Amino acid sequence: MGKALKIVALAGLGAALAIVLGGFSASSKSSRAYPTGPVNLTMWWWGEQEAKGAKGWLAQTVKLYQKKHPNVTIKTVLQTTNGLIPAFKAAAAAKKGPDIQYFWPAIWTLEDAWAGNTRPVSDYIPKQELAHYLNSADNTFGGKVWTAGWYVQPSFPVLYRKDVLKKAGVAPPQNWTQLLAACDALNAKGITPLAAGISDGWFGGWLYSLIGAQGVKSVGDVLAAVTGKQKFTDPQHAAWWTRLQEMRDHGCWNKDINSVQLYQGQAVWARGKAAMTITAGSDVKKFVEQVGASKVGVMAMPKWGNGPYAGKLGQASQTLGITSWSKYPEVAADFIMFMHTPERLKAWFNATGAFPADDRFDARLIKLPQLKTLYALVRKGSPYIENFIPTELDAKANFAQSQLLLAGKTDAKQAAQATEKIAARIRRTNRDLIANFATWSKSYK
């Protein structure tokens, strides 16, 4: 992973600000002067769904940038969760659409880089500036950094309601045995232990990382399974399905988990109808303010494994990339750098409660106890392993098999076998993709 979050003072950022404001002419790709004619950029983005307040912050940031550069107009389009990827695939096929595109990290970035849909940001953002952006290693391939971090996504904390657990006489579980016992005890009281929604699939990928990461020794193990050097039926990769089946059999989830979407499931917890839920780390502030600070606790998924990632929170950064068809890649890069200026970093955190993906963020701004806990967890976090498998495997195995298992239509052994079968087909039919994974894996030995 990229460097851990650092605590630094804003007072010492004058030099960094000078670098950012001078970034256009310092570009490693081009030293052209900033254009004086009309420049129109379009930015497709996502994030309000998991970092409430992002929309207002982005609108203000665009306004400030356009004031600084009156010849530039930036149109922003907020994408839906289910539409983000299909919309960009269609734009890439037409070579028409956004100049700046929002990407989830690692494979969600690199698949489009390999397809020629983006330009590496390291061609346009100076090395000394890009060095401050967190988790850039996830988005690096062929010696190039393909997208720039926007905000950190602690992936994904368990939120628990102190009031609900106290009323039931149940302590927050610290390990897997305690988690299953808590599920039994809460069910006996008529309380839903964990509220979630998986009808839209996404939560299956979360579960894979939260539970599955505890069985592997490294990202290298995950990449080895993708390329066929290991198998998804091997114990280190398959054991998480058994843990998920245990959760199902102990009634840990809301009975309608397969009928509701991700955010709908979280809302059940917010209404006090469940003891725990799992959320995007970038959205913790919203839930704490909605429920009440005195009622909410934050923790990582309880441990079942002994691997180096067990008991840790995943760490990744949501990112922005520059499309291959953009007429003004230098201006797009300059706007991304403007988003990282000290005032904008501070304003982002104040607006959203999400941590900027920049090591110049002043952690002294964190006042909410739950965010302090989250910050400590993410500083000691681990790679988020969902980001290191093919997106097709994620959707057809993790998403679909989790739905089937939680519905009681398959079991752990069958889910692992189905995962390996899908992976084997991808290895046979998409050799270019697997070759890229093999190259990528050399960075994670």
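Are Trp 114 and Phe 437 buried or exposed? Both residues are buried (under 20% relative accessible area, with exposed over 50% and partly exposed in between, for a 1.4 Å probe and protein chains only). This is a predicted model, in which local features need pLDDT of at least 70, side-chain atom pairs count only at pLDDT 80 or more, and totals for chains, interfaces and linings use all residues. Residues are numbered from 1 along each chain as its sequence is written, and side-chain values use heavy atoms, without hydrogens and water.

**Confidence**
- The chain has an average pLDDT (the predictor's confidence in each residue, from 0 to 100) of 93, and 93% of the residues score at least 70.
- Residues 1-23 have a pLDDT below 50.
- Where pLDDT is low, the predicted coordinates should not be read in detail.

**Aromatic pairs**
- The structure holds 36 aromatic pairs (ring centres of Phe, Tyr or Trp, the latter by its six-membered ring, within 6.5 Å; planes under 30 degrees apart are stacked, over 60 edge-to-face and the rest tilted).
- Trp 114 and Phe 437 form an edge-to-face pair, because their ring centres are 5.8 Å apart and their planes lie at 70°.
- Trp 114 belongs to helix H4 and Phe 437 to helix H18, 323 residues apart (helices are DSSP runs of H or I, at least four residues, numbered from the N terminus).
- Trp 202 and Phe 399 are also edge-to-face, with centres 5.4 Å apart and planes at 65°.
- Trp 202 counts as buried at 15% relative accessibility, as does Phe 399 at 10%.
- One aromatic cluster includes Trp 202, Phe 399, Trp 45 and Trp 348.

Notes. Contact means heavy atoms within 4.5 Å. Helices (H or I, at least four residues) and strands (E, at least two) are DSSP runs, numbered from the N terminus.
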